[in-house]
Amino acid sequence: MSERRRAAPNRRRIAVATTSRADFGIYQPVLAELAASDSIEFGLIAGGSHLMPEHGSTISHVRASGFPVWGEAPIRFEGGVLGVARMMGESLTAFGEAIDEIRPDMLLTIGDRFEMFAAAAAASPFALPVAHIHGGEETEGAVDNMYRHAMTKMAHVHFCATPLSARRIVQMGEAPENVHVTGAPSLDGISDIPLLSRQALSERFGFPEAPYILTTYHPETLQPDATASDFDALLAALERSGQHVAFSRPNADAAGDLFNSRLEQAVAANPRFRICDNLGRVGYFSAMANAALMVGNSSSGIIEAASFHLAVVNVGGRQAGRERSANVIDVAAEPDAILSAIQRSLSPETAATMRSVENVYGDGHASQRIRSVLEIMDLGSGLIRKRFRLLDKS
């Protein structure tokens, strides 16, 4: 059941699509800014893994946040490539039904997930303006790269993390006046977050009490035949490292169920390995703040980890093409290469260099910039009627 309300006079109604624990954590500073606005009324449409028991039914976390939920877009969980295609279709229908009921003035989207792509696509029959956060980035090793760029062409307003991302979007033919460099909203308010101690992480989420490596690894969806062996290479290197390891679970991608099975087997066989579920924004950032090292191929290692001065071993090609801060070491998905990078990253010399790392993804004020644009922009027909802008008109 939706919690839709009639908007107050002269307030624009913005529906915010959220499909996973990851994007909801990134959204939270933006939602706090929108909640403080006198000219915006917003509500969440929750879909994707939020509504899947297999992924922790994190809709409970969404509702517990106190932000309004206007609707839900439920889908059935299915594994494999065909399952992703089916889930994408179900997501498009479910988001379309939610939009039809809610009838907002704009849809706010984020990132590059197939469920989020479906949300943006569902807006098009309604001639509904779409705003998109984190466009213009590159993840060459993931099919998500195509979803992100397709969402750019479906969106009418763009909130980019870096100037390079903005240039890419303009190169894709988007109107420069609708492309805004804001920084990454996940960096907003990091210094104000009440981070948990290592003991609290252990008690609440089962983290090791000893120093640990935080590991988040997702399937490389453009190489499905190799992704399982790559994950096995990572597990082998972590085993040989002798370190305690805290794993978060993979995304609901094709092969995600296979990864979960392999991960559970590895944890059962190694007392130094732990799976830590449904951390949320505070829990995940606390995990970064207390970690000795981060290993995997998650965007969080590329975007947020530098703000914690945390060294990152980025494995494989999923994040290829993405801008990096100086805390990231890129390695092939081979046990020896991963182990060597882990050992180098845990050295006192590396720890000393991490203290001076600066994050290329912004200054921690992205959400304020996003709010200011959403409050004043013209949502009339001129926005929805997109024109392709040529860089060279000669």
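Colleague: Why is Glu138 called buried?

Modeller: This is a predicted model, by the way. Glu138 has a relative accessible area of 17%, and the cut-off for buried is under 20%. The value of 17% is under that cut-off, so Glu138 counts as buried.

Colleague: Where does Glu138 sit in the chain?

Modeller: You'll find Glu138 in the loop that runs between strand S5 (130-133) and helix H5 (144-154). Setting aside neighbours within four places in sequence, Glu138 touches Asn145, Arg148, His149, Arg168, Gln319, Ala320, Gly321 and Arg322. Take Gln319 from that list: 181 residues separate Glu138 and Gln319 in sequence, yet their C-alpha atoms are 7.2 Å apart in space.

Colleague: What makes the pair Glu138 and His149 a polar contact?

Modeller: Their side chains come to 2.6 Å, and the limit is a pair of N or O atoms within 3.5 Å. The side chains of Glu138 and Asn145 make a polar contact too, at 3.5 Å.

Colleague: Which residues does Ser186 touch, leaving aside its neighbours within four places in sequence?

Modeller: Ile26, Arg281, Phe285, Ile303 and Glu304. With Glu304 there is also a side-chain polar contact of 2.6 Å. Ser186 itself belongs to the loop between strand S7 (179-181) and helix H7 (198-205). As for Ala237, Ser186 is 51 residues from it in sequence and 30 Å from it in space, C-alpha to C-alpha.

Colleague: Now the helices. At what angle do the axes of H3 and H4 cross?

Modeller: Roughly 40°, with the axes of helix H3 (residues 80-102) and helix H4 (residues 114-123) coming within 8 Å. The crossing of H3 past H4 is right-handed. On the H3 side, the contact includes Val84, Met88, Leu92 and Phe95, and on the H4 side Phe114, Phe117 and Ala121 are among the residues involved.

Colleague: What average pLDDT does the protein chain have?

Modeller: The average is 91, and 94% of the residues score at least 70. Residues 1-7 stay under 50, and the model has 18 contacts for them beyond four places in sequence.

How values were computed: Residues numbered from 1 in each chain as written. Predicted model: local features only at pLDDT ≥ 70, side-chain atom pairs only at ≥ 80, totals over all residues. Heavy atoms only, no water. Helix = DSSP H or I, 4+ residues; strand = E, 2+ residues; numbered from the N terminus. Contact = heavy atoms within 4.5 Å. Polar contact = N/O pair within 3.5 Å; in protein donor to acceptor, adjacent residues only side chain to side chain. pLDDT = per-residue confidence, 0-100. Axes fitted to C-alpha atoms, helices over the stretch in contact; angles between N-to-C directions. Left-handed = near helix turned anticlockwise from the far one by under 90°. Buried < 20%, exposed > 50% of the residue type's maximum accessible area, 1.4 Å probe, protein only.
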